[in-house]
Amino acid sequence: MVNIKEAQTANEGLAILKGREKIDCVFLDFRLPDRDGISVLKEVYDKETDLGPFPVVMLTGQGSESVIIDAIRYGAQDYLIKDNMSPDTLYIALTKAREVFNLKKKGSEDKALLVHSQKMKAVGQLTGGIAHDFNNLLTIIYGNTRLLEALLEKLKPPARECLNKVEVIQKAAKRGAELVKRLMLFSRQRALEPQTININRQIAEIEQLLRRTLGAFVEIKLDLSETVASINVDPGQLEHAVINMAVNARDAMLDGGVLTIMTKNVTLEEKQAADLGLKAGEYVQLSLSDTGLGMTKEVKRCIFEPFFTTKETGKGTGLGLSMVYDFVKQSGGGISVESERHQGSTFSLFFPSSSRTAVLSSENDKTRNLKIEGGNETILVVEDEEDIRFLARVILEEQGYRVIEASNGQEALDIALTEKRKIDMLFTDVTMPGELNGLQAAARIQVLRPDIKLVFATGYLAETIPDMELVRRYPLINKPYQPENLLLTIRNTLDS
Amino acid sequence: MGSAQRKILVVDDNQLLRETICDFLNFSGYEAYQAKDGSQAIAILNREKPSLVITDIFMPEKEGISTIIDIQKYYTGTKIIAMSGGGLFNRSDILRSAKNLGVDATLEKPFDFDDLIAQVKIILEPSNAEE
């Protein structure tokens, strides 16, 4: 049964298209009283507008080849010459237009997904074999610049200008090494291990972590539907995704605000589902809304691309949301974002509902079952690598500790000098760039605060550190941190 | 210190890197030899009997690990430093395997070359560690 809607002018037609009704095909005349059909066609297919797109059959008078070419170029699926109109040709045009339209739509979606996953694969490859090669090349640069330095210093007089240039090369190489580490940190290639879970329970488990991550100035509101269905996802990746989006929300609300986390069951109709690249059906929706800066249309378009970031260089790798996107797609779901500049953003994730019962998450989550005592002491964490420092903060704060951060020895010393409250512990990396390394900073801080407890961290084997004497007296943790190990050592040291 | 204590074998499939490390070791007063894979390494071990082997772990598969096992079996007493391709979280499990095998030290690329020499000193001249 065909339902016909008529319009006599372009504006009338556009008004209908902008309305709520579902239009399956548009027959568009080239010659309209108020505008020409091509301009209407352009508007229908312009991604900027909120229209369709819809399958379009262009109607034209005899002999207008250029119109036909333009029509197809600007997106029409087919054309009909008015003098040739008959029930058959109309029917054929209608069917063909819809078929071509659906094929194209699926094709461009597939293409978009393919490009995206190629980029993600590129990221994955970067963090796999290529990171290894990069590290080799960096080591070569390190070694030769160090040699160059040694040779130049031997000259009499020493070649000062050359030495300065060598220092520049060394700094750049170090920056390269940092970048590689960051990428590897954020692009962990873990295979997805989906489980049937209750999304509300997962959110409840990370609620404390979220509150700590977002800080005191961001209020978290939970609007979780009690009857929400189970979903089939990797719980670790889900948590990772939520934390990622929460951190983005926090960064958009630097003066504070509200983050609302909502879950509910939804039924997605054809169009809604298609917009998300999904089939119609039952889904569980997870939405995170913030009251932050919001995004422009341009930013919104790129938001899920790997390496796209609005943050300044050095802060953020631009990989967070692309990983969220990847995770959602691989879980059979879809993601959408609504945002207006200065009106906040809402990220909505849709996961297919599962009919299976959720496994009790506590059965699977070994780490959270470990009864490690926390505390509420104040710990000064000193670490030059931002990501590692952030991790340490998150691990410690989750157990209740109060964390003060410093990125180098001098900063730590300044904090020790100016901080009014008691600092119970100094947890510092041993080797850090700058004037004061961890050991030197620790020695000076101990003078200022004799009661302060010390724990050291290092990425190297203990024996390689100069001034081993000082280090030997205190606990030493190896990087990368094992959360349990870190917490146990800190707790034991505080108690000693 | 006898001359044998100064012989070091560097095993890595990357030629430039091998040469860089050997250059630096020679510059620092040691006698460095190169091998690009496990079998070359064994040949040099037989011929020169170095007291320390610095070896990459991947090369390109897990050849580094099997080289380490061979050295421990057939050239006991030879010290070993294992190098890894770097990356904090993904490679740490490989480094951990090396540590579990009982190598004398591990280094993550890219490493500071002063650290490398400090390690070498400590391993080969424990009584002369301070410089």
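## The cis peptide bonds

In the loop between strand E5 and helix H5 (113-124) of chain B lies B:Pro110, and a cis peptide bond with an omega of about -5° joins B:Lys109 to this proline. Helices (H or I, at least four residues) and strands (E, at least two) are DSSP runs that are numbered from the N terminus. This is a predicted model, in which local features need pLDDT of at least 70 and side-chain atom pairs count only at pLDDT 80 or more, while totals for chains, interfaces and linings use all residues. Residues are numbered from 1 along each chain as its sequence is written, chains are lettered from A and ligands numbered from 1 in the order in which they are written, and side-chain values use heavy atoms, with hydrogens and water left out.

Chain A also holds a cis peptide bond, between A:Lys156 and A:Pro157, where omega is about 0°. A:Pro157 belongs to the loop between helix H4 (87-154) and helix H5 (160-186) of chain A.

## Residues with positive phi

B:Lys49 has a positive phi of about 50° although it is not a glycine, and its place is in the loop between helix H2 (38-48) and strand E3 of chain B. With a relative accessibility of 61%, A:His342 counts as exposed, as does B:Lys49 at 57%; here buried means under 20% relative accessible area, exposed over 50%, and partly exposed in between (1.4 Å probe, protein chains only).

A:His342 is likewise not a glycine, yet has a positive phi of about 70°. This histidine is located in the loop between strand E9 (334-339) and strand E10 (345-354) of chain A.

## The sheet of chain B

Chain B has five helices and five strands, and along the sequence they follow the pattern β-α-β-α-β-α-β-α-β-α. The strands form an open sheet in the order E2-E1-E3-E4-E5 (chain B), with parallel pairing. Strand E2 (31-35) and strand E5 (105-108) of chain B stand at the edges with a single partner strand each, so one side of each is left without a neighbour in the sheet. From one strand to the next, the twist averages 20°; two strands are taken to pair if DSSP finds at least two bridges between them. Strands of a sheet pair through backbone hydrogen bonds, either parallel or antiparallel.

Five bridges join E1(B) to E2(B), which run parallel, and in this pairing B:Lys7 stands opposite B:Glu31. Five of the five residues of E1(B) are buried, so this strand is largely enclosed by the rest of the structure. Both of its faces are covered, with B:Lys7, B:Leu9 and B:Val11 buried on one side and B:Ile8 and B:Val10 buried on the other.

## Helices against the sheet

Strand E3 (residues 52-56) and strand E4 (residues 79-84) of chain B run parallel and are joined by five bridges, and B:Asp56 stands opposite B:Met83 of E4(B). Helix H3 (residues 63-74) of chain B packs on the sheet, touching E3 and E4 of chain B, and its direction makes about 175° with that of E4(B). Contact means heavy atoms within 4.5 Å, and axes are lines fitted to C-alpha atoms, for helices over the stretch in contact, with angles running from 0 to 180 degrees between N-to-C directions.

Helix H1 (residues 15-27) of chain B lies across strand E1 (7-11), E2, E3 and E4 of chain B, and runs at about 170° to E2(B).

## Helix H14 of chain A

In helix H14 (residues 409-418) of chain A, the buried residues are A:Gly409, A:Ala412, A:Leu413, A:Ile415 and A:Ala416. They cover an arc of only 160° around the axis, which puts them on the same side of H14(A); the arc is that of the directions from the helix axis to the C-beta atoms. On the other side of H14(A), A:Leu417 and A:Thr418 are exposed.

The buried residues of H14(A) pack against strand E11 (378-382), strand E12 (402-406) and helix H15 (438-448) of chain A. A:Asn408 caps the N-terminal end of H14(A), with a side-chain oxygen 3.0 Å from the backbone nitrogen of A:Gln410.

Chain A has 17 helices and 15 strands, and 45% of its 496 residues count as buried. For chain B, 54% of the 131 residues count as buried.

Key
A polar contact is a pair of N or O atoms within 3.5 Å; within protein, one must be able to donate a hydrogen and the other to accept it, and residues adjacent in sequence count only if both atoms are side-chain atoms.
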